[in-house]
Structures are given as C-alpha cells and as structure tokens.
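The sequence and structure are shown first.

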Amino acid sequence: MANIAVYPGSFDPITMGHVDLINRMARLYDEVIVLVAQSSQKNSLFTAEERKELILKTMGHLNNVRVDIFDGLTVEYMKKANARVIVRGLRAVVDFEYEMTMANINKKLAPNIETMLVFASPEYYYISSRGVKELAINGGSLKDLVPDVVIEAMAKKLKK
Ligand code: ADP
C-alpha cells in the first residue's frame, strides 16, 4: 500500500516555509497531497482555486506531489484517498497547543490516522502567510519569503 501523506492548510498564499516542508515530505512519502482548505477562506486573499494554482506552479515539478481542494474534515478526505498520515508544521511553541488539540480531535475521529508534526527549518521558521500578506500590503519586499509566482500574483491582487 502506498504511503500517502496529506498536508492540509490554508496556503493563502504558499510560502517558502510550506515549500520547504513539501520538499522534505516528498522525499519521505510515496505521495504527498497538499490539501487546500476551502472553508477557511472567508477572509482569504486568494480563492481556493487560485491558491491551488500557485502551489501547482511552485511544486508541479515533483511528480509525487498532488494538490487538491477540500471543504470538510481532513480525516474524511483521507479515508477516501487511502491516506494515513497528516503532516503539519511546527514553527514555534505557539503552534504547539493548536496542533496538539487538532491531532487529538482527529485521533478521536479516526484512530488509524496519525498526525506527524514537523519542525520548520531554521531559515524559514519565521515565515507565515499572514505575515507575508501584511508585508505586501505595506509595500515590503517578499523576496526569499515566497516563490516568485506568488510575488507576481500578490502584486496583481493588491493592485485591484
Ligand atoms: P492553517 O491556516 O491551517 O494553519 P497554513 O497555510 O497557515 O494553514 O499552514 C499550513 C501548515 O503549514 C501548518 O501546519 C503550519 O504550521 C505549516 N507552516 C506554515 N508556515 C510554515 C513554515 N514557515 N515552516 C514550516 N511549516 C509551516
């Protein structure tokens, strides 16, 4: 059975922190599915479809990485995809409590599914989608924080 990891999140937009995590997981698992959460997009900058496109443009060269949009419980998606591992990133202690709660809820919903928490790489731990958006709105440079396609997409979006 293929070892599939699902990496769920908002990805609004994808940052170099996400890219690093996806690259690292693609080396460990047969397949990595980046799962774009539709429901948490209420005040998102990009639509789920746009976020998916930006991930595909950035990670499309890896043939074991797929991107999907889902509106619902991650564990339900995982059952359909035959996946048993949820991957989440840990940047700082503040992420820990939320991730532990989510992992426990998911364990209760689906005991056979495991959550793997992966430490952010030291060079990327401070990058967040929210921080990147604030920086962009205030005219700061996004170089090295997000892929080039995201810099272009954000410039276009913020001009509107
Ligand atoms: P969510 O809104 O669900 O937290 P995000 O798109 O912000 O989604 O993040 C998705 C996942 O990626 C989360 O597990 C988050 O901790 C992780 N992540 C975000 N930024 C980084 C980073 N710089 N390095 C490593 N992991 C990260």
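A residue is called buried under 20% relative accessible area, exposed over 50%, and partly exposed in between. The model described here is predicted.

**Aromatic pairs**

A pair of aromatic rings is described by the distance of the centres and the angle of the planes.

| Pair | Centre to centre | Angle between planes | Geometry |
|---|---|---|---|
| Tyr7 and Phe11 | 5.1 Å | 80° | edge-to-face |
| Tyr125 and Tyr126 | 5.8 Å | 85° | edge-to-face |

In the pair of Tyr7 and Phe11, both residues are buried. For the pair of Tyr125 and Tyr126, accessibility is as follows. Tyr126 has a relative accessibility of 53% and therefore counts as exposed, since the limit for that class is over 50%. Tyr125, at 46% relative accessibility, counts as partly exposed.

**Helix H5**

Helix H5 spans residues 129–137, and its buried residues are Ser129, Val132, Lys133 and Ala136. Viewed down the axis of H5, these buried residues fall within an arc of 100°, so they line one face of the helix. In general, an α-helix has 3.6 residues a turn, so residues three or four places apart point the same way.

Against which helices do the buried residues of H5 pack? Their partners are helix H1 (16–28) and helix H6 (148–159). After H5 comes Gly139, which has a positive phi, near 80°.

Methods
Residues are numbered from 1 along each chain as its sequence is written. This is a predicted model: local features need pLDDT of at least 70, side-chain atom pairs count only at pLDDT 80 or more; totals for chains, interfaces and linings use all residues. Side-chain values use heavy atoms; hydrogens and water are left out. Buried means under 20% relative accessible area, exposed over 50%, partly exposed in between (1.4 Å probe, protein chains only). Helices (H or I, at least four residues) and strands (E, at least two) are DSSP runs, numbered from the N terminus. The arc is that of the directions from the helix axis to the C-beta atoms. Contact means heavy atoms within 4.5 Å. Rings of Phe, Tyr and Trp (its six-membered ring) pair if their centres lie within 6.5 Å; planes under 30 degrees apart count as stacked, over 60 as edge-to-face and the rest as tilted.
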